[in-house]
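Please look through the structure shown here with the paragraphs below as a guide.

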Amino acid sequence: MDETKKDLMRSKKMNQKKERITRQNRWFFDSWAEHYDFLPFQFWMKKFHLPVLEELTSLPKQNKKIKILDLSCGSGELLREIEKIKMRNVELYGIDVSSKMIDVAKKKLSPAIRLKMMDVHHLDFPKNCFDYVISTEAFHHYHNQRKALFEMGRVCKKSGRVIVVDINFFSNAIHRMFEIFEPGCVRVNSQKEMFKLFQKAGLQKIEQQRGFLFSVATSGIK
Ligand SMILES: C[S@@+](CC[C@H](N)C(=O)[O-])C[C@H]1O[C@@H](n2cnc3c(N)ncnc32)[C@H](O)[C@@H]1O
């Protein structure tokens, strides 16, 4: 088989894998959406939101408008918590690949928050658009994490901040188990791998912080 044919086969296989993972994630989170806000579960999920809320509450009062994009916003809990901070002049956006999650978010959030079904790998926003681009407890579901992070950087303003809070259990053996057993899970990164992904995406002043036993927040400036 010549090289061109091999390349075509490879790209066909990659496209099939990409579509399979997207389908799995849609199915998994569409079926979960109605019950996603179940309180005991949200008690744990909110731990993933803490580093973002700490960052936003520590901002000095300012008059300039702050635009925040919550990628894979799910049922919109983080956006609801950000709204509660009552920051002045803030514009909130949320996207998710699951239409049912977006429906749940639309029902409970104020209409001022712009919500749309969208895939993180193809963000329908112009470049240099947001001051904060955030993803919590979702990065391990992205089928092309380099591309997703590149997209996050693209829509982030110069000097804006990209924040990813994702699962991290210290042990790679546990990470591999997640990849096998959680539907739609692609790759759970070690702290070092996450740092490298941020570097490759061209983000600067990368900082990492362990939130509690099973999460790491990584942030970088564009
Ligand atoms: C575990 S939930 C986290 C939701 C929310 N960020 C939170 O902190 O509760 C993961 C979310 O990632 C979304 N997701 C998975 N793959 C995605 C993709 N390619 N683009 C956008 N969202 C995606 C799922 O639909 C789901 O709502």
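Glu151 has its place in helix H5, residues 145–155. Helices (H or I, at least four residues) and strands (E, at least two) are DSSP runs, numbered from the N terminus. Glu151 counts as buried because its relative accessibility is 9%. Buried means under 20% relative accessible area, exposed over 50%, and partly exposed in between, with a 1.4 Å probe and protein chains only. The side chain of Glu151 is joined to that of Arg154 by a polar contact of 2.7 Å. A polar contact is a pair of N or O atoms within 3.5 Å; within protein, one must be able to donate a hydrogen and the other to accept it, and residues adjacent in sequence count only if both atoms are side-chain atoms.

This is a predicted model, in which local features need pLDDT of at least 70 and side-chain atom pairs count only at pLDDT 80 or more, while totals for chains, interfaces and linings use all residues. Residues are numbered from 1 along each chain as its sequence is written, and side-chain values use heavy atoms, with hydrogens and water left out.

The loop between H1 and H2 holds Glu34 and His35. Glu34 has a relative accessible area of 59%, so it is exposed. His35 counts as exposed because its relative accessibility is 57%. From C-alpha to C-alpha, Glu34 is 8.7 Å from Ser75, and 41 residues separate the two in sequence. His35 and Val104 are 69 residues apart in sequence, with 9.6 Å between their C-alpha atoms.

Gln42 is part of helix H2. With 3% relative accessibility, Gln42 counts as buried. Gln42 and Lys147 lie 105 residues apart in sequence, and their C-alpha atoms are 29 Å apart.

Two serines have a positive phi. In Ser159, which is not a glycine, phi is about 70°. Ser159 is found in strand S5, residues 156–167, and its relative accessible area of 56% is why it is exposed. In Ser72, also a residue other than glycine, phi is near 55°. Ser72 sits in the loop between strand S1 (66–71) and helix H3 (77–85). Ser72 counts as buried because its relative accessibility is 18%.

Which residues come nearest to the ligand? Of the 21 residues around the ligand, they are His49, Ser72, Asp96, Val120 and Thr136. A residue is near a molecule or strand if one of its heavy atoms lies within 4 Å of it. A polar backbone atom of Ser72 is 2.7 Å from a nitrogen atom of the ligand. An N or O atom in the side chain of His49 is 2.9 Å from an oxygen atom of the ligand. Asp119 has a polar side-chain atom 3.2 Å from a nitrogen atom of the ligand. The ligand taken alone exposes 600 Å², and the protein buries 98% of that (Shrake-Rupley method, 1.4 Å probe).

Helix H1 (3–32) and helix H2 (39–57) are the elements that give two or more residues to the shell around the ligand. The residues of this shell divide into 10 nonpolar, eight polar and three charged. Here Ala, Val, Leu, Ile, Met, Phe, Trp, Tyr, Cys and Pro count as nonpolar, Asp, Glu, Lys and Arg as charged, and the others, Gly among them, as polar.
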